Amino acid sequence: MSKRITIDPITRIEGHLRVDAEINDGKVTKAWSSGQMWRGVELILLGRDPRDAWAITQRICGVCTTVHAITSVRAVENALKLEVPLNAQFIRNMIQAAHAIHDHIVHFYHLSALDFVDVVSALKADPVKAANWIQQYSDWPMNSKEVMIATQEKLKAFVGTGQLGPFTNGYWGHPAMKLSPEINLVAVAHYLQALNVQREANKIVTILGSKTPHIQNLAVGGVANPIATDSQSVLTVDRLYAIKTQIDKLADFVKKVYLIDVAAIGSVYADWTKYGAGVMNYLSAPDFPIDTKGTEFMYPGGYIPDGDLTKYQAIKSFGDDYFGKGVEESVKHSWYTYSKEGPLHPYKGETTPHYTDFQDDGKYSWLKAPTFYGKRAQVGPLAAVLNAVAAGHKPTTAYVTKVLDTVSALVGAKVGVDALHSTIGRHAARAVRCAVMLDLLEANWQKLIDNIGKGDVATFNKPVFPKGEIMGFGFHEAPRGLLSHWTVIRDGKIANYQCVVPSTWNAGPRSEDGTPGPYEASLIDNPVADPEQPLEILRTIHSFDPCLACAVHVHDQETGKAVKVTAV
Amino acid sequence: MRAVVLGVGNILLSDEGIGVHAVRALAERYVLPPEAEAIDGGTSAMDCLDQLASADLLLIADCVRGGHEPGTLVRLGDGELNAFFRTKISPHQVGLSDVLATLNLHGIAPARTVLIGVEPKSFGLGMEPTPELAARLPAIVEALAEELKAAGLTLVPRAG
């Protein structure tokens, strides 16, 4: 029997996602991923001063503000061939690392862990047993039995009020929920602790970025943080030491809690290493530049075709030709028209809306379908981690080994890197990347201190826009994966601007030749025990960290259910 | 006493951003006392968690779709806000209601929450509100100022 289900949120939040799936004999056999909102920011930017683009593009999305800001200044700097002072690179690197840590922690604990953790089951746990269990794996002080007892009391009181808040739409008691009440309780304790910890990460962004949610300190050519060793109104050594305290708090949580949790939960859900691979071409950007030109990076990036790490090809610098010439976007299945046939390079990109209804074999999404040398590519922490391992990046390899060894010990069998090509693997890779981000945050903090110590306080090189036309692109390895902005500037004004965002790579519809995108491909063969409660589909889609993952959890105003189900 | 005035909305989508425009206009019209902080929250409610924690008054400015004439102002207090979040008339509720529930879970929710909402006309592309809503900005600013004054804060009008 074939059933078609549609998971379609009704509220209007940017990045809105609809997923359709055909289910046969308890498995997904066909899937469509559809962006439900038109993103027209490109049109707003036309004719504007390129120095303002970053402040506007950071409003595209409520979750990914900082990353659009950084990518935008990089695009304009690339067009101008403008170098950026070392201090500015280090400050930007610290902001992006802190933002990524915040984002990864929130994604795992607050936006997707509840796909695997049954909160209501935690009420039945024996808190002493729960504490004893987790203390075998981690000496985090907040794993004590006192904390577990207090967590359970808090949860009881909260559930007692009838206002479940963030837990409202959970699939409690679903047959695919497999954790014991004790592990569920540990996970709930860490969920609550993570809420406090993510605030520490946000404080770093606030101190360096002058303001949050929207940072204020960027500028084409550097940053607007004057550095001084003697004034309170600017970035001082005192403030930098305050940041170090926040970094240390974060490090403890990520290494003693997040990495352990992802391994522990992953080991119980080991069957999810068999589902969700989808598109196995992995694309990521090198990032954390440590020279003024953007030719040396602390974090490698590149392309891996067909999941074969030996075929890794590096992307080497800002403005890299291999990357710059490889990207195209198709609108054959998207609600746009181009002025000519075939896909377009982002410099030639067009944003002309052409809405039809949802056509299974025609147009069905506001997202375009990007390709890299004609191939679909998966982006995100998994792509970043696999590329880093392929490039021989030591910190990444060490954390991957640590997580896989922990999982191997828990399941009593050797689990290798291949297990990462999966739904659960994407969560593991995100935890690994989060740990690497902490090391990079700390390293860039040290580099900034050392560079200021040498007497270099420069943070800004003034941009000068020539007459005539220039073009440039900027990329950034954002929490959701490779983000690139492409701009054409004519006589100092923006003549074209295209954002190719991570969710477009992953959630885009079928491409020119009909090849499904990563979301669509990853759902094939995904089990679905109960089409009325398609928890398993959410698990795989959430593992990509869709922007505003909460959006696919919302209630339908009319039926009160999260899905509309129609038999085909 | 600590009050937070939070403007929410996407300023790239005309009236969607009216809450942000209102909070900016409030700060331009009045010198806020040190006990009050005006925040341009955009659509990033989660990132405002820290600032909202343990506030005595959270005053939200947002657009609210209630089927009224564009520009109609509504005021929702604590009891009404739960219903507001349940029936989902604001486009930002997922983020904002989750943040409030989260603060609640931790026992650090604002003591009192008030929402000043305005009926939008258009969510079309554009960095300015529609003329109908732009014309209502002074009234929204005054509604926000009244709430702060009622909470015992002193607002000094800026010259000019």
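In chain A, residues 24 or more positions apart account for 73% of the contacts (heavy atoms within 4.5 Å) with a separation of 6 or more. This is a predicted model, in which local features need pLDDT of at least 70, side-chain atom pairs count only at pLDDT 80 or more, and totals for chains, interfaces and linings use all residues. Residues are numbered from 1 along each chain as its sequence is written, chains are lettered from A and ligands numbered from 1 in the order in which they are written, and side-chain values use heavy atoms, with hydrogens and water left out.

View 1. Chain A has 15 helices and 18 strands (DSSP runs, helices being H or I with at least four residues and strands E with at least two, numbered from the N terminus). Of its 568 residues, 64% count as buried (under 20% relative accessible area, with a 1.4 Å probe and protein chains only). The C-alpha atoms of chain A fill a box of roughly 70 × 60 × 45 Å along the principal axes.

**View 2. Two helices of chain A cross here.** The axes of α12(A), residues 423-453, and α15(A), residues 535-543, come within 8 Å and cross at roughly 35° (axes are lines fitted to C-alpha atoms, for helices over the stretch in contact, and angles run from 0 to 180 degrees between N-to-C directions). From α12(A), look for A:Thr423, A:Arg426, A:His427 and A:Arg430; from α15(A), find A:Arg539, A:Thr540, A:His542 and A:Ser543, which complete the contact.

**View 3. Now turn to the open sheet of chain B.** Its 5 strands follow the order β3-β1-β4-β6-β5, with mixed pairing (two strands pair if DSSP finds at least two bridges between them). At the edges are β3 (36-42) and β5 (73-76) of chain B, each pairing on one side only. Strand β1(B), residues 3-8, pairs with β3(B) in the parallel sense over 6 bridges, and here B:Val5 stands opposite B:Ala38. Helix α1(B), residues 18-29, lies across β1, β3, β4 and β6 of chain B, running at about 135° to β1(B).

**View 4. Strand β4(B) is mostly covered.** Here 7 of its 7 residues are buried. B:Leu57, B:Leu59, B:Ala61 and B:Cys63 point one way, while B:Leu58, B:Ile60 and B:Asp62 point the other. In a regular strand the side chains alternate between the two faces of the sheet. β4(B) pairs in the parallel sense with β1(B) over 5 bridges and with β6(B) over 7 bridges. B:Ala3 stands opposite B:Leu57, and B:Cys63 has B:Val118 of β6(B) as its bridge partner.

Conventions: Buried < 20%, exposed > 50% of the residue type's maximum accessible area, 1.4 Å probe, protein only.
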